[in-house]
Amino acid sequence: MIIPKDGDKIKVQSYKHNGSLHRVWEETTVLKSQSNLLIGGNDRVKVYESDGRTWRTREPAITYFTSNYWFNIITMMRNDGVYYYCNISSPFIVDDEALKYIDYDLDIKVFPDGTYKILDEDEFDIHRKQMNYPEVLQKILYKQLRTLEQWVQQGRGPFSSEFPEKWYEYYLAYSK
């Protein structure tokens, strides 16, 4: 696996379990990179969908990828507060092309007041049947969903009060 340097700009690609490309974020600035962790930042970045549609993100975001857990976290800096969009996913890898992971549909959206909602359980159910997710994988994914919920409840990692501001400041410094 390649370890990008702080300040590098990389693509982010998500795939589905069957290997099909799901979504591509055109560019993310690497803010911190280690073998098991990558924190990035972007703002109004172009996103390509597998069906050919494109769109731009609406606000600055700090992305948190780890190879120690089966999830990644997007911290979105909005006028009315900090929101989080969390994907249950495979641990990430980085190659010459991009940072890559498999998206397993289950998501958690966290609101500025700390409340959260689990999303896309119906999509997960469809895909686990269509793509024949092994039983052991399903157990891992649900266990990781519970771990992610604990992180949200405990204010751990990206959910700590210091995380968004600290890493957004880093992003602004790299953007100049």
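The chain carries 23 positive and 26 negative side chains, and the centres of these two sets lie 1 Å apart; here Lys and Arg count as positive and Asp and Glu as negative, while His and the chain ends are not counted, and each charge is placed at NZ of Lys, CZ of Arg, CG of Asp or CD of Glu. The model is predicted, with local features needing pLDDT of at least 70 and side-chain atom pairs counting only at pLDDT 80 or more, whereas totals for chains, interfaces and linings use all residues. Residues are numbered from 1 along each chain as its sequence is written, and side-chain values use heavy atoms, with hydrogens and water left out.

In secondary structure, the chain has three helices and 11 strands, taken as DSSP runs numbered from the N terminus (helices H or I, at least four residues; strands E, at least two). From the N terminus on, their order is β-β-β-β-β-β-β-β-β-β-β-α-α-α. The radius of gyration is 16 Å, close to the 16 Å that the globule rule gives for 176 residues, so the chain is as compact as a globular protein of that length; the radius is taken over C-alpha atoms, and the rule is 2.2 Å times the number of residues to the power 0.38. Along the principal axes, the C-alpha atoms fill a box of roughly 45 × 35 × 30 Å.

Buried residues make up 47% of the 176 residues, where buried means under 20% relative accessible area, exposed over 50% and partly exposed in between (1.4 Å probe, protein chains only).

A search of the whole structure finds 16 aromatic pairs. Rings of Phe, Tyr and Trp (its six-membered ring) pair if their centres lie within 6.5 Å, and planes under 30 degrees apart count as stacked, over 60 as edge-to-face and the rest as tilted. Two of these pairs are set out below.

| Pair | Centre to centre | Angle of planes | Class |
|---|---|---|---|
| Phe-71 and Trp-151 | 5.1 Å | 80° | edge-to-face |
| Trp-167 and Tyr-170 | 4.6 Å | 45° | tilted |

The pair of Phe-71, in strand S7 (residues 71-78), and Trp-151, in helix H2 (residues 135-154), links distant parts of the chain, 80 residues apart. Phe-71 is buried at 1% relative accessible area, and Trp-151 is buried at 3%. Trp-167 and Tyr-170 both lie in helix H3 (residues 163-175), three residues apart, about one turn of the helix; Trp-167 is buried at 6% relative accessibility, whereas Tyr-170 is partly exposed at 38%. Both pairs belong to one aromatic cluster formed by Tyr-64, Tyr-69, Phe-71, Trp-151, Phe-163, Trp-167 and Tyr-170.
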